[in-house]
Amino acid sequence: MTEEKLFIPILLGTNRKDRASEKVASLIASHIADSREDIETAIVDVKDFAFPLDNYGQDIKEQFPQWKETMTRADGLIVVAPEYNHGYPGPLKSVLDLLHHAEYANKVVGFAGVSAGPWGGTRVIENLLPVVRELKLSAIRTDLLFPNVRGEIENEQTKERIDGFLNDLVFVGKSLKWGRENIQ
């Protein structure tokens, strides 16, 4: 199995002002930087994608070459998604839809759900699973749930949960990378 680092960007899935999910994405990125030598990451923010208000045609992905380059290089993806009315934010879906199977196929994806309520984004993750499956991403079974994000989100248990999540992400990510490199 490969010993090189996996490149797994973090997709921050909302462009709302004062978004609590930004704290979650930063926490995960900091944890990776401080304690994981097996992962390289970068935060990709949906607010940096200026989508046109009209003519949203097939050629739109050509307007965002950095996203295509990022996902072509990536071994997987961490999606930090807030739950809005039991669903996912439109900008997140727009960014995911920019690419197709060629850039996503047989790569790992893990979810960090974020909510102001007690469920921690479980419903947004449920709604994103069919989307990522259609894109041919492979979702891990371990989710990070961040309920009540207006309060303190970081403690010793949070670090343990992030480690478990990342362990699963790396295991599946390395397995899929080996498969992409060795199975035709």
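View 1. At 0% relative accessibility, A25 counts as buried (under 20% relative accessible area, with exposed over 50% and partly exposed in between; 1.4 Å probe, protein chains only). This residue lies in helix 1, residues 21-35; helices (H or I, at least four residues) and strands (E, at least two) are DSSP runs, numbered from the N terminus. Leaving aside neighbours within four places in sequence, A25 is in contact (heavy atoms within 4.5 Å) with I10, L12, I43 and V80. A25 and Y104 are separated by 79 residues in sequence and, C-alpha to C-alpha, by 21 Å in space.

The model is predicted: local features need pLDDT of at least 70, side-chain atom pairs count only at pLDDT 80 or more, and totals for chains, interfaces and linings use all residues. Residues are numbered from 1 along each chain as its sequence is written, and side-chain values use heavy atoms, with hydrogens and water left out.

View 2. Residues up to four places away in sequence not counted, L96 touches L11, L77, Y104, L128, V131 and L135.

**View 3. D75 and its partner R180.** D75 is placed in the loop between helix 2 and strand 5. Its relative accessibility is 5%, so D75 counts as buried. The side chain of D75 makes a polar contact of 2.9 Å with the side chain of R180 (a pair of N or O atoms within 3.5 Å; within protein, one must be able to donate a hydrogen and the other to accept it, and residues adjacent in sequence count only if both atoms are side-chain atoms). Beyond four places in sequence, the contacts of D75 also include K5, L6, F7, K107, V108 and K177.

**View 4. Lining of the largest pocket.** The lining comprises I43, V44, D45, D48, F49, Q63, F64, P65, Q66, W67 and T70. A pocket is an open set of points on a 1 Å grid over the protein atoms alone where a 1.4 Å probe fits, with protein on both sides within 12 Å along at least five of seven lines; lining residues have an atom within 4 Å of a point. Helix 2 contributes the largest share of this lining, four residues.
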